[in-house]
Structures are given as C-alpha cells and as structure tokens.
Amino acid sequence: MNYALVTGGSRGIGRAVAVRLARMGYPVLVNYQSNDAAAEETLALIREAGSNGELLKFDVSNREATVAALEQWQASHPEDYIDVLVNNAGIRRDNLLIWMEPEDFERVLSTNLYSFYNVTRPLLQPMIRHKHGRIINIASLSGQKGLPGQCNYSAAKGGIIAATKALAQEVGKKNITVNAVAPGFVKTEMVEGLDEAELKKQIPLNRFADADEIAAVVAFLASNDAAYITGECISINGGLYT
Ligand code: NAP
C-alpha cells in the first residue's frame, strides 16, 4: 500500500494536510514530537475521513531517532512504501539577531531545515524503486522575503525552498516531484500572540488563512493533476507578497 507521511501532523497545518490526504484515500502516518492527545485527535479525524493511519512519534531534528523510526516502520511494512512525504514540522523562536541566543538559531535550523535531510533521505530509495513519489515541503513567506526577528526562521525556510529546487532536478527522471508551499499567516497555535487585527491590515485579502486553505494546495501537489509540476514554490499568502 502507498502511504503518506506528514511530519508535525498532530496539529495546525499538518493536521489539515493529514485529513486531506486521508480523503484522497491515503493511509496517513502522523509524525509529531510530544502532544499525544493532539496526535490521537488527528488520527480520529483521519478515520472519520474514511482512511486509516498510524502515529509515529519522533523528533525530526534528531537524525538517529528519525532514521530509526522510519527503518522500524519499513521493517514492519515490507510490502508498503511512503509515496507522499509532507515535510511540515516546524517551530519558531523569534528575536532580533542582536539578541538571539545560539540555541534559538540552532534549534530552528535543525527542526525546520535539517529535518528535511533527516526525513527525506531515507525515503528516497523506496520512492525510486517504486518509480513514483511526491515530496511537498512547507516553507514560508519568511523564507521568500525575510522577516525581521526571524533570521533563524527565514534562513531555514529559504534553505528549504532552495533544497526543493535542487532535489527536484535530482529525482525528476525517477518520476518523483518535489515542491514547496510558502504560506503567509495561518491561524494555528504557531501564530498565537501575534496581533492579528494589526497584521491583517497589510494583507490584501484582509485576513489570516485557515489551515485547510494550505492543505488544499498540498493535496493538489500530491495528486495526479500536479504530475507535471516540480521544483516550484507556491505562495499562499492572501496577496501579502508577490
Ligand atoms: P503548529 O500548529 O505549531 O504545529 C507544529 C507541528 O509540528 C506539531 O504537530 C508539532 O508536534 C510538530 N513538531 C514541532 N517540532 C517537532 C519536532 N522536532 N519533531 C516532530 N514534530 C515536531 O504549527 P503550524 O502553524 O501548523 O506550522 C506547520 C508548518 O507550517 C511549519 O513548518 C511552519 O513553519 C509552517 N508555516 C506556518 C505558518 C503559520 O502562520 N502558522 C506560516 C508559514 C509557514 P507536537 O504536537 O508534538 O508539538
């Protein structure tokens, strides 16, 4: 069977993506780090959507733990493979660079960028063997234009966009597409504490996005309708940056 893996699938955008992929018929592997209750809730939503799934709890920034979890899953599913990978897990630790502690720079880079390497690399060989794969990376507006207070986050997300373009050229001949989406502001726990009323004045559509509006584009990129799109980064930002 062909599975989909959504990193950071327990909450926010990842949860919405997991449910969309379930509706498309994929059994969905929900990766998360710590929030068991939220992950269980996502699994219930996947089942409500008519599919099934499994929880895979590991820290995407930890290479050994990530590789071990993916190898263990593959060993217990010898007939199956992960056909759709959504690299979504992410955090932010904002501060002006002059005040930013090294651990906040490193933590954001390891969770948002090194995770791309940790999770994607072990899954490439099976995709190549099956001559089909879809890799979708959740980048950000911050990685396109840079945002003050986010040197760490902008660097990680800009890196993801560049890696998307590079990997797309490496694996295109193997019928694997690699794309990114770059959301603006999305209503999830990640943006709690931001002044939505003030910020939305700068957004031509005058509101933050719902997580499902990001998930819809991810689902499209995972579908056969997007078979000829690769190496792209699609902005989903209400017109905030074009
Ligand atoms: P969120 O609501 O804070 O959810 C983050 C998810 O990532 C949770 O499932 C969390 O798991 C998981 N996670 C965090 N660190 C992890 C780690 N080290 N290993 C495994 N899982 C980890 O965030 P979101 O707003 O949905 O963001 C999802 C993605 O979209 C991120 O890459 C973010 O940078 C990007 N993005 C968000 C926005 C926005 O406005 N919200 C805009 C642009 C881009 P637990 O539940 O276990 O904590």
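Author: Here are some terms, each set against its definition. This is a predicted model, where local features need pLDDT of at least 70, side-chain atom pairs count only at pLDDT 80 or more, and totals for chains, interfaces and linings use all residues. Residues are numbered from 1 along each chain as its sequence is written, and side-chain values use heavy atoms, with hydrogens and water left out.

Reader: Why is Ser-115 called buried?

Author: Buried means under 20% relative accessible area, exposed over 50%, and partly exposed in between (1.4 Å probe, protein chains only). Ser-115 has 7% relative accessibility, so it counts as buried. The residue is found in helix α4; helices are DSSP runs of H or I with at least four residues, strands are runs of E with at least two, and both are numbered from the N terminus.

Reader: What does Ser-115 touch, not counting residues up to four places away in sequence?

Author: Val-60, Ser-110 and Thr-120. Contact here means heavy atoms within 4.5 Å.

Reader: Which elements cover the buried residues of α6?

Author: The cover includes α4 (102-130), β5 (133-138), α5 (141-145), β6 (176-183) and β7 (233-236). Among the buried residues of α6 are Tyr-153, Ile-160, Leu-167 and Val-171.

Reader: What makes α3 roughly parallel to α4?

Author: Helix α3 (residues 63-76) packs on α4 at an angle of about 30°, with axes 9 Å apart. Axes are lines fitted to C-alpha atoms, for helices over the stretch in contact, and angles run from 0 to 180 degrees between N-to-C directions. Under 35 degrees counts as roughly parallel, over 145 as roughly antiparallel, 65 to 115 as roughly perpendicular and the rest as oblique. The angle therefore makes α3 roughly parallel to α4. Residues in this contact include Val-67 and Leu-70 of α3 and Val-119 and Leu-123 of α4.

Reader: And why is α1 called roughly parallel to α2?

Author: Helices α1 (residues 12-23) and α2 (residues 36-48) pack at about 25°, with their axes 9 Å apart. That angle therefore makes α1 roughly parallel to α2. In this contact, Arg-15, Ala-18, Val-19 and Ala-22 of α1 meet Ala-38, Glu-41, Thr-42, Leu-45 and Ile-46 of α2.
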